[in-house]
Amino acid sequence: MSSPLIEFKKVCYTYAGGNRPALQELNLTIPVGQKTAILGHNGCGKSTLLFLADGLYRCNSGVICWQGKPLKYDSSSLNIWRERIGLAFQDPEQQLVAATVAEDISYGLCNLQLSRTEIEQRLQQTLIDFSLKELANSPLHHLSLGQKRRVALAGVMVLQPQLLLLDEPTAYLDSLQTQNLLQELDRIHLQGTTIVMATHDLDLAYSWADVIIVLHQGRMVLSGETLAVFTDVNLLAELQLGMPTLLEVWYSFPEQFRPSELNPPRTITQLRSYQKKMYDRYYQV
């Protein structure tokens with residue numbers, strides 16, 4: 001596995017007035033260059049982890065490190081930290097602050113003390129990258145939820161972070177909007193950005209992620225490559241997380257139709273390919 005980009009060391013956090021820790025003695029690493037999905041039931045600490053990683057919250061104890069260097073909470077250190085890390089909230093409405101698409105995307109750039117020329121260049125390139133050119137002057141309140149999520153993501157990525165954090169990014173999106181979002185994320189990842197996604201969607205995590213982290217009651221209980229995590233059937237059952245639909249289908253096949261030399265399929269396309277191979281092997285003369 002790749003070297004860690006960001007690391008939590010015995011991190012604890014309790015919300016003001018909370019009767020139990022949201023995160024307790026949390027140890028985990030986010031590998032550089034990977035797509036990581038964080039799973040767990042509601043209230044397990046997924047969003048809290050992202051807010052701590054972005055420096056929005058300050059841990060009660062423990063240390064968060066970026067490539068081995070601990071996070072400091074003075075304003076200068078936090079500014080540098082947040083240039084490296086971008087966070088997209090579950091509700092894009094919480095992130096949109098300006099009147100139009102172009103104004104919102106360029107808002108963060110104006111705080112970086114860049115020249116007007118560079119701000120304009122980055123803005124125009126981002127509008128192109130996220131297919132927002134035609135909407136540049138549109139009022140934000142005229143946009144659909146899927147468009148608002150795209151604008152919010154563009155506003156994060158225009159700052160060119162090394163790590164992108166996503167909190168339930170497909171919440172409230174239909175299947176086409178989800179597909180478009182995942183295509184955007186693939187493009188961002190191919191350009192070198194490490195991505196971490198907190199999600200409750202097992203099917204999405206199974207098909208998308210390189211690495212899975214499972215949280216339970218504020219602790220990490222499982223971490224590893226995607227197939228390794230999802231084939232730990234006993235622990236997943238103990239945690240009552242369920243299983244991705246494709247794996248359910250795969251394990252429902254007779255053993256001769258899922259030979260050991262084949263890894264379980266991660267996509268519908270892979271499943272269909274496997275089905276054809278097995279059909280050809282057993283039924284065609």
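**Briefing: ring contacts, a covered strand and cysteines**

Arg266 lies over the face of Tyr206, 5.5 Å from the ring centre; a charge counts as over a ring if NZ of Lys or CZ of Arg is within 6 Å of the ring centre and within 35 degrees of the ring normal. The model is predicted, so local features need pLDDT of at least 70 and side-chain atom pairs count only at pLDDT 80 or more, while totals for chains, interfaces and linings use all residues. Residues are numbered from 1 along each chain as its sequence is written, and side-chain values use heavy atoms, with hydrogens and water left out.

**Aromatic rings**

- The charged end of Arg187 sits over the ring of Phe130, 4.8 Å from its centre.
- The structure holds nine aromatic pairs (rings of Phe, Tyr and Trp, its six-membered ring, with centres within 6.5 Å; planes under 30 degrees apart are stacked, over 60 edge-to-face and the rest tilted).
- One of these pairs is Phe51 and Phe89, which is tilted because the planes stand at 45 degrees, with ring centres 5.9 Å apart.
- Phe51 belongs to helix α1 (residues 46-53) and Phe89 to the loop between β6 and α3, so the pair ties together parts 38 residues apart in sequence; helices (H or I, at least four residues) and strands (E, at least two) are DSSP runs, numbered from the N terminus.
- Phe51 is buried at 13% relative accessibility, whereas Phe89 is partly exposed at 22% (buried is under 20% relative accessible area, exposed over 50%, partly exposed in between, with a 1.4 Å probe and protein chains only).
- Trp250 and Phe253 form an edge-to-face pair, with centres 6.1 Å apart and planes at 65 degrees.
- Tyr13, Tyr15, Phe51, Tyr57 and Phe89 make up one aromatic cluster.

**Strand β3**

- Five of the five residues of β3 (residues 35-39) are buried.
- Lys35, Ala37 and Leu39 lie on one side, and Thr36 and Ile38 on the other.
- β3 pairs in the parallel sense with β8 (residues 194-198) over four bridges; pairing requires that DSSP finds at least two bridges between the strands.
- Four bridges also join β3 to β9 (residues 211-216), again in parallel, with Ile213 as the bridge partner of Ile38.

**Cysteines**

- Zero disulfides are found in the whole structure, a disulfide being a pair of cysteine sulfur atoms within 2.5 Å.
- The sulfur of Cys44 is too far for a bond because the closest cysteine sulfur, in Cys12, is 16 Å away.
- For Cys65, the closest cysteine sulfur is in Cys59, at 9.7 Å, which is also too far for a bond.
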